[in-house]
Structures are given as C-alpha cells and as structure tokens.
2 protein chains.
Amino acid sequence: MARRKDHSREELTQIAIKAGTELVVAEGPEALTARNVAKLIGYTPGTLYNLFENIDELCTAINTKTLIRFAAEIEEILSEHSKPRKRLRRICQAYLNFHHKKPELWALCFATPLRSLNEDYHRAVHKVFDPVAEALLPISGTLRAARQDAKVLWSTLHGICLLQQSGKLNVAETDPAEILVKRFLDQFLKR
Amino acid sequence: MARRKDHSREELTQIAIKAGTELVVAEGPEALTARNVAKLIGYTPGTLYNLFENIDELCTAINTKTLIRFAAEIEEILSEHSKPRKRLRRICQAYLNFHHKKPELWALCFATPLRSLNEDYHRAVHKVFDPVAEALLPISGTLRAARQDAKVLWSTLHGICLLQQSGKLNVAETDPAEILVKRFLDQFLKR
DNA sequence: TATAATTATTGAACAATGTTCAATAATTAA
DNA sequence: TTAATTATTGAACATTGTTCAATAATTATA
C-alpha cells in the first residue's frame, strides 16, 4: 500500500498535533507514543516520521500550540485590565487555572524534559513572556528589571505547580497553589 | 549460576545506589537504566529487581541520598550563621551551587517526573525543608507563614534552575540564575 | 554429618518503546 | 505515455523495563 493523500502534508501535521493533544489530555504525557498517535489518526508510525523528525518534535509542536493558546488568554487579560497589579494577578490566576483544568497538558508543556526545542517554540515562548514583562514594566521600573522580574514570576508559578503536582514537597500541610501564589504576589508586588 | 553473596543485601543496595549516582553524574539521568547499573556493579539486571521493586525505586533512593547530603549542607549553614537573612541567602547560594556543580544529579532529583516516592524520600524532604522554614520564622512571623514562604522560596529556586537548564525560557537576554535569585530575594526579604 | 529449606543470581524471554528503510503504489511532471 | 516524485506501509532492529523458571550456594534442620 502507499500514497493515499487524503490530506495535504500540512493538514496531516495539524491532525497529528490535535490527536497527540487529545491523547495527552485523556491519558497523560506517557501515552504520547508514535504508535498511539498513528493509530488514532489512522496511519502507521512511519507516516509520523515523514511529518516530524522524531516524536520529541511532535511533542514540541503540541507544546507550541499550547503556549500560543495561553498567550491569547494573556492578551485578552491585558486588554480587559489596565492596572498593572490587577493584570498580573489575573495572569497568575489564568496560569493556575490552566494547571488545574488541564494538568496533563500542563505537564507535557512544563514538566517534561525535551530536546529539540525549535524556532517556532521559542517564538511562542516570547508570545507568553513578553506581555508579562510588559505588565510588569510600571512596577519594576526599567525594561531590564521588568524582564528579570517576569522570569522570576514565571519561575515561581512554574515551581509551585510543579512541586504540587509531583508530590515532591509533601510536608505536613498541603497548601493549595492559590494560597502560595497569593503569598508570593503580595510580597512581590509590594513596591 | 547463582548465589554468590559477595555482599549482604544492604551492602549491595548501597553499591547499586552509588553506581547509579555515578552513572547519572557522568552521563545524565537517561543513562540510569537497569542494564547500565547492573553492568557497572558486575551483576545482571535481575539482581536489581531483587533489591528494588523497579528502577523508579532505585531512582528515588538516589534522590533520597542526594537530599540527605544537601540537608547536611543546610544544617552547616544554619550553625555558621545566625542572622535570618544571611542564613537564607547562603542557603540559596548552596542550592545554586549544587545545580551548577552537579546539574545531572540535580536534574534527576528535581526535574525528573517520578512515581513511587516513598516514606524515606519524604523524610529526606523534611530534612531539607524544615530548616528552611526555621530560618524563615523570624521574617515571616508565624510558623504557618514561614512554612508557606519556605514553599514559595523553594519553588522559585526550583523554577529558576529548571527554566535555565531546560532552555524553555530562552528570551533574548540570558540572565544567570544568580541574578534572578538575587532579584527575588531582595524583594522577598524586604520586610 | 546428611538432608532439607531458603534465597541470591542468572539468562532467557516478553512487551513496548523509538526509529529506519526498502518496497510499493498513487500522484504529478515531462 | 512515460518518467520522476513522494506518501505510505510493514517489517525489521535496538533499547528499554520487567518477569520468572532454573540453578546453585548458603543456611537451617534432623
């Protein structure tokens, strides 16, 4: 058998990304295998290797789409609010919301070690990061400081969700992520 | 072939943990396979399964030892300094130092998703966490607040090193982790 | 001491993973 | 109509984790 061409190369790529995303949402990051995705889209694993260099690249493509979707949320928040602190609190809330609603997709995006990060991916990171730095500008003073603060903020959100999800900081009380983020923000924005 | 008993069960367990640690330090977390460890200690994979339920458990055992070693460093810092802020800055410095000196071991401990965290592991986490909370007590006010702040601090260190190492926050400037941690601490300790 | 019970160790196997690639057939170009 | 291109497959290979019957050395028992 060969060459069906039910879809263009680009269509098929998008179909694979979508199927991969659904797999991860339904069964977690470890379900994202070449054979699983192939079966789900009605092709064989070999076809995936015609679209992607390797499955890491498919994984990165899924994460890139995830970041782009999240960036859109951030843009919406910025357009709805103009006060810097309100903006930042809402962004953090959106991050926590994403983690809460789609923990497996969040894990694939933020808690899965990956090689093969590419140009598209880094562009998507910028789409998320730059608006956060922008929102921080009035608080941090200089652009340079704002970008550093954005990294700190991002790292903290990241770390809080990661430690929560991984169970690697199971000590006595289990404070919900929201409480920890609030505590962080109260101090972080106090200036 | 069978039963050599060159070592007691407990000895062999420690030997395996040590060999695994060396493998990770030398070749990274992905080199930690049953066959690699077995070959390094002069046994077959089957023997490892007589010592550990699965390789995740070996991995957790390595991480537990890593945490215990790091906890000792923290204790030393606390004994050398009594001012709260100085203590915390030195602890953070030690964390960054660990990340810098043994990035692969750090990755195994903090950036590798694991099931099968056990009682020993959580005890080791306490050994690291509790002294940090203790150092924070004079700054945070109440014990509850101190423990929450310790989680925030820990998460931030974590997140900063993770994003740095993973390359997942590659945006224009590459601020060294030290700069970001300093910026975080300056604000975090301002009270 | 002789025999039985226990257990440490192996080696071979299995399933699942990523990945490669010659073969093939459908499409497109000449 | 023919040639060149390319999408797709299926079978293969290496590497992973893991299991387990077979075995032999040690320990307990009679």
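These legends walk through a few views of the structure above.

This is a predicted model, in which local features need pLDDT of at least 70 and side-chain atom pairs count only at pLDDT 80 or more, while totals for chains, interfaces and linings use all residues. Residues are numbered from 1 along each chain as its sequence is written, with chains lettered from A and ligands numbered from 1 in the order in which they are written.

**View 1. Chain A is built from nine helices and zero strands.** Its pattern along the sequence reads α-α-α-α-α-α-α-α-α. Here helices (H or I, at least four residues) and strands (E, at least two) are DSSP runs, numbered from the N terminus. The C-alpha trace of chain A spans about 65 × 40 × 25 Å along its principal axes.

**View 2. Val132(A) and Val132(B) touch the most other members of the largest nonpolar core, a set of 98 residues.** Such a core is a set of buried Ala, Val, Leu, Ile, Met, Phe, Trp, Tyr and Cys residues joined through C-beta atoms within 7 Å. A residue is buried if 20 or more other C-beta atoms lie within 10 Å of its own, with C-beta atoms placed from the backbone. In chain A, 37% of the 191 residues count as buried.

**View 3. Leaving aside neighbours within four places in sequence, Val132(B) is in contact with Ile91(B), Ala150(B), Leu153(B) and Trp154(B).** Contact means that the C-beta atoms of two residues, placed from the backbone, lie within 7 Å.

**View 4. Chain B superposes on chain A by a rotation of 180° with 0.0 Å of shift along its axis (RMSD 0.0 Å).** The two copies are therefore related as by a two-fold rotation axis. Both copies use the same surface, and 100% of the contact residues of chain B recur in chain A. The superposition is by least squares on the C-alpha atoms of residues with pLDDT of at least 70 in both copies.

Definitions and conventions: Buried ≥ 20, exposed ≤ 12 C-beta atoms within 10 Å, placed from the backbone.
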